[in-house]
Amino acid sequence: DPEGGQREHEDIMLRRVPRETAMRFRAAAGGRSLTHAQYLTSLVSLHARVRELADAGDARLSAELAALGLQTVAV
């Protein structure tokens, strides 16, 4: 950042994404007229919201997240 502040955006590259997953990701983003970055941002927000609901006692959501390996972790 030329002004010495924190950057608002970062570039990321994903490698070895399973072909079907990559195709579904691109189709889901494009079908919603979202960029890949916008769609990824929405998915991360969705996960955070579902995680909040699971942590608040929604056992079904907690079980679904655990099945996907997305249970609560400390970062």
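Which residues in H2 meet which residues in H3?

A: This is a predicted model, in which local features need pLDDT of at least 70 and side-chain atom pairs count only at pLDDT 80 or more, while totals for chains, interfaces and linings use all residues. Residues are numbered from 1 along each chain as its sequence is written, and side-chain values use heavy atoms, with hydrogens and water left out.

From H2, His-47, Val-50, Arg-51, Leu-53 and Ala-54 meet Leu-61, Ser-62 and Leu-65 of H3 (contact: heavy atoms within 4.5 Å). These residues divide into five nonpolar, two polar and one charged (Ala, Val, Leu, Ile, Met, Phe, Trp, Tyr, Cys and Pro are nonpolar; Asp, Glu, Lys and Arg charged; the others, Gly among them, polar).

H2 covers residues 36-55, and H3 covers residues 59-67 (helices are DSSP runs of H or I, at least four residues, numbered from the N terminus). The axes of H2 and H3 are 7 Å apart, at an angle of about 125 degrees (axes are lines fitted to C-alpha atoms over the stretch in contact, and angles run from 0 to 180 degrees between N-to-C directions). That angle makes H2 oblique to H3 (under 35 degrees is roughly parallel, over 145 roughly antiparallel, 65 to 115 roughly perpendicular, the rest oblique). The crossing of H2 past H3 is left-handed (the near helix is turned anticlockwise from the far one by less than a right angle).

Arg-51, a residue of H2, counts as buried because its relative accessibility is 11% (buried is under 20%, exposed over 50%, partly exposed in between, with a 1.4 Å probe and protein chains only). Neighbours within four places in sequence aside, Arg-51 is in contact with Ser-62 and Leu-65, and also with Leu-70, Gln-71 and Thr-72. Ser-62 and Leu-65 are also among the H3 residues that H2 meets.

After H3 comes Gly-69, with a positive phi near 75 degrees.

Phi of Ser-33 is positive, near 55 degrees, in a residue other than glycine. Ser-33 is exposed, because its relative accessible area is 67%.

Conventions: Polar contact = N/O pair within 3.5 Å; in protein donor to acceptor, adjacent residues only side chain to side chain. Helix = DSSP H or I, 4+ residues; strand = E, 2+ residues; numbered from the N terminus.
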